Structure formats: C-alpha cells, structure tokens
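Thanks for making the time this morning.

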Amino acid sequence: KIILSSSPDSTCKLWDINTGAATQTFKAHEGKAYWGRFSQSGNMIATTGDDYTAKVWNIKNLSTPCNTFEMEGKFVRSCCFLENDEILVCSNFDGSLDLYDIKKNERLSHRNLVSGDMQSNIVFSVNSYNCLLYTSPSPRDLSTSRMPSSA
C-alpha cells in the first residue's frame, strides 16, 4: 500500500506504508503543491498547486500529467474525483468550485459558493453527490451543495 504527500517544494511523493520509504518523487507544479488525491480506482492522481492549476496523472507515468486544468488566476486549494473518475472537482482559495470532465479535458461548470477571500477544502460523501465546502477562517462556516449527476 502507498500514500501520497504534497510539498511546498513543488513535488509530490509516493510512500510505502510498510517501510516508510519514499518510492517515487515527481515535480507536480511550478511552486507549492497544495494537495494530492488518489482517484477512486487508484489508477490516477490529482494534484493542485499555487501555479493556478490542477493536474491529473496516470499512476504508471508520473513524468507528464494526462490533464492540466488552468484556473484563470485562482489558487487551487483541493480536489476530488467523482463519477467513476470521470469528473474532477476543484475548490479554489476564493471559495469557488470548478468541475472538469477528465476525458474531454474541459471545464463543465464554475460555482461561487462563498463570497470574499476565503480558503476552502472540499469533502465528498460516499455517494459522490453531496459536497461539503469547509471555509476558513471560521470553521463554523459550512456550505453544502448538491453536485449534478453526469448520468
């Protein structure tokens, strides 16, 4: 089993949980790498960084991303795979969400969920339809949004 970490030095690492050793290091972003997430299938990784991008990587080839989604001048805080790894949802530091179709390599929608300059992270329920947006500086500010199905 492996885990994924992201780092301010622009890299992400895969770690062997049995040995504690880093098994692979890859340059994920031009600047800080904020977030790394495995896909539901375990075949892909998504990363976010302060270079205004979210990237999707094939776990078997971490030298070049499969997709790079530009966030139009917004720092990307976190991300999550949905719909059998076909959709990537990204939360931005401004409290907005962007949905991307990974196969078509295009943005599906943009939603402003929180006004003002707030940091946000996204957490999804098991059924992938309910989105919890955690905003700071006040941890009491929680927004819930129902994400569309790509049925």
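Is Ser 39 buried or exposed? Ser 39 is buried, with a relative accessible area of 6%, where buried means under 20%, exposed over 50% and partly exposed in between, with a 1.4 Å probe and protein chains only. Before I go on, this is a predicted model, in which local features need pLDDT of at least 70 and side-chain atom pairs count only at pLDDT 80 or more, while totals for chains, interfaces and linings use all residues. Residues are numbered from 1 along each chain as its sequence is written, and side-chain values use heavy atoms, with hydrogens and water left out.

Ser 39 sits in the loop between β4 (33–38) and β5 (44–49), strands being DSSP runs of E with at least two residues, numbered from the N terminus. Its side chain makes a polar contact with that of Ser 41 at 3.2 Å, meaning a pair of N or O atoms within 3.5 Å, one able to donate a hydrogen and the other to accept it, with residues adjacent in sequence counted only if both atoms are side-chain atoms. Setting aside neighbours within four places in sequence, Ser 39 is in contact (heavy atoms within 4.5 Å) with Met 44, Phe 81 and Asp 85.

Now to two asparagines in other loops. Asn 84, between β8 (76–82) and β9 (87–92), has a phi near 55°, a positive value in a residue other than glycine, and is exposed at 67% relative accessible area. Asn 105, between β10 (96–101) and β11 (106–112), also has a positive phi, near 55°, but Asn 105 is partly exposed, at 44%.

Methods: Helices (H or I, at least four residues) and strands (E, at least two) are DSSP runs, numbered from the N terminus.
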